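Work through the exercises below with the sequence and the model in view. Try each task before reading its solution.

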Amino acid sequence: MPQRYDELIKNNQIWANQKQQTMPEYFARLSHSQKPPFLYIGCSDSRMPLDTFTQTEPGELFVHRNIANQVSVTDINFLSVLDYAVNVLKVKHVIVCGHYRCGGVAAAYEGKVKGLVGNWINPIRELVLDYNAELNLIDDIEQRLDRLSELNVIKQVENLYKTSIVQHALAECNVCFQIHGWVLDLKTGLIKELELPLEQWKAKGLVPVGMAQ
Ligand code: CO
């Protein structure tokens, strides 16, 4: 694991040279344009580079990351990323990917973090209160936090459907892209696709009737 700053620069030079030699067209193609089919909304956690876990290359994932993968409708940074991904890049899939052992989720559960970070993860604190009964049925604290990580992802997918960007896009083209909720298990490296309450959301008018998971 590199600890020194100059190791990063050296590693970059070695990687770029190797790539040039094995794939001479690689950087010419990369610098031309991007047409990624996926928008990845993930946690800032250093263990969550989705390209490694999905073997995707530069140019294949458009990315927005923040602490505990929040979809905040007041976050102008996030909304700009979503707008660009949906309306300009026209991605085919939007993926909200959380992870087990998420520090942000654990901190929200404990309710001890103050200041800006505490403020940022407050929506998860509200989830804890909403799902208190379900969560309390799980004795093991790590499993309880894992379930909270899943509930957090499902909530963020619901928030995505509530944005005017997604609502307008879906009204125009009905099913032009799909939204997925994932959690990554850091103990196995495997992605779990979460079942989303689409029927419930369709009944509320949040999701088009033709939408499938
Ligand atoms: Co996290």
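**Exercise 1. State the domains of the protein and the distance between their centres.**

Step 1. The assignment, automatic or taken from a database, gives domain 1 (1-32) and domain 2 (35-203).

Step 2. Taken over C-alpha atoms, the centres of domain 1 and domain 2 are separated by 30 Å.

Step 3. Note the basis of all values here. The model is predicted, and local features need pLDDT of at least 70, side-chain atom pairs count only at pLDDT 80 or more, while totals for chains, interfaces and linings use all residues. Residues are numbered from 1 along each chain as its sequence is written, and side-chain values use heavy atoms, with hydrogens and water left out.

**Exercise 2. Describe the protein as a whole: its span, its accessible surface and its buried residues.**

Step 1. The C-alpha trace spans about 60 × 45 × 30 Å along its principal axes.

Step 2. The accessible surface (Shrake-Rupley method, 1.4 Å probe) comes to about 12,500 Å², and 54% of it belongs to carbon and sulfur atoms.

Step 3. Buried means under 20% relative accessible area, exposed over 50%, and partly exposed in between (1.4 Å probe, protein chains only). Of the 213 residues, 42% are buried.

Step 4. Contact means heavy atoms within 4.5 Å. Among contacts between residues at least 6 apart in sequence, 65% join residues at least 24 apart.

**Exercise 3. Give the strand order of the sheet and describe how its strands pair.**

Step 1. Helices (H or I, at least four residues) and strands (E, at least two) are DSSP runs, numbered from the N terminus. The protein has eleven helices and five strands.

Step 2. Two strands pair if DSSP finds at least two bridges between them. The five strands form an open sheet in the order E2-E1-E3-E4-E5, with mixed pairing. Strand E2 (61-66) and E5 are the edge strands, each pairing on one side only.

Step 3. On average, neighbouring strands of this sheet are turned by 25° against each other, direction ignored. Axes are lines fitted to C-alpha atoms, for helices over the stretch in contact, and angles run from 0 to 180 degrees between N-to-C directions.

Step 4. E3 and E4 pair in the parallel sense over seven bridges. Within this pair, cysteine 97 has tryptophan 182 in E4 as its bridge partner.

Step 5. Strand E4 (residues 178-185) and strand E5 (residues 190-193) pair in the antiparallel sense over four bridges. Here valine 183 has lysine 192 in E5 as its bridge partner. The hairpin has four residues between the strands, and glycine 189 takes a positive phi near 80°.

**Exercise 4. Find which strands helix H4 and helix H9 lie across.**

Step 1. Helix H4 (residues 76-88) lies across E1 and E2, and runs at about 165° to E2.

Step 2. Helix H9 (residues 141-162) lies across E1, E3, E4 and E5, and runs at about 160° to E4.

**Exercise 5. Which residues are the protein donors of the cobalt ion, and where do they lie along the chain?**

Step 1. Donors are N, O and S atoms within 2.8 Å of the metal (3.2 Å for Na, K and Ca); water is not among the atoms, so sites may look incomplete.

Step 2. The protein donors are Cys43 (SG), His99 (NE2) and Cys102 (SG), lying 2.0 to 2.3 Å from the cobalt ion.

Step 3. Along the chain, the donors follow the spacing C-x55-H-x2-C. Cysteine 43 in strand E1 (residues 38-43) and histidine 99 in strand E3 (residues 93-99) are 56 residues apart, a pair that links distant parts of the chain.

Step 4. Both cysteine 43 and histidine 99 are buried.

**Exercise 6. Classify glutamate 150, lysine 155 and valine 105 as buried, partly exposed or exposed.**

Step 1. Glutamate 150 lies in helix H9. Glutamate 150 counts as buried because its relative accessible area is 8%. Leaving aside neighbours within four places in sequence, its contacts are Tyr100, Val183, Lys192 and Leu194.

Step 2. Lysine 155 also lies in helix H9. With a relative accessible area of 29%, lysine 155 is partly exposed. Leaving aside neighbours within four places in sequence, lysine 155 is in contact with Leu127 and Lys162.

Step 3. Valine 105 is in helix H5 (residues 103-110). Its relative accessibility is 2%, so valine 105 is buried. Not counting residues up to four places away in sequence, valine 105 touches several residues, among them Ala68, Ile124 and Leu145.
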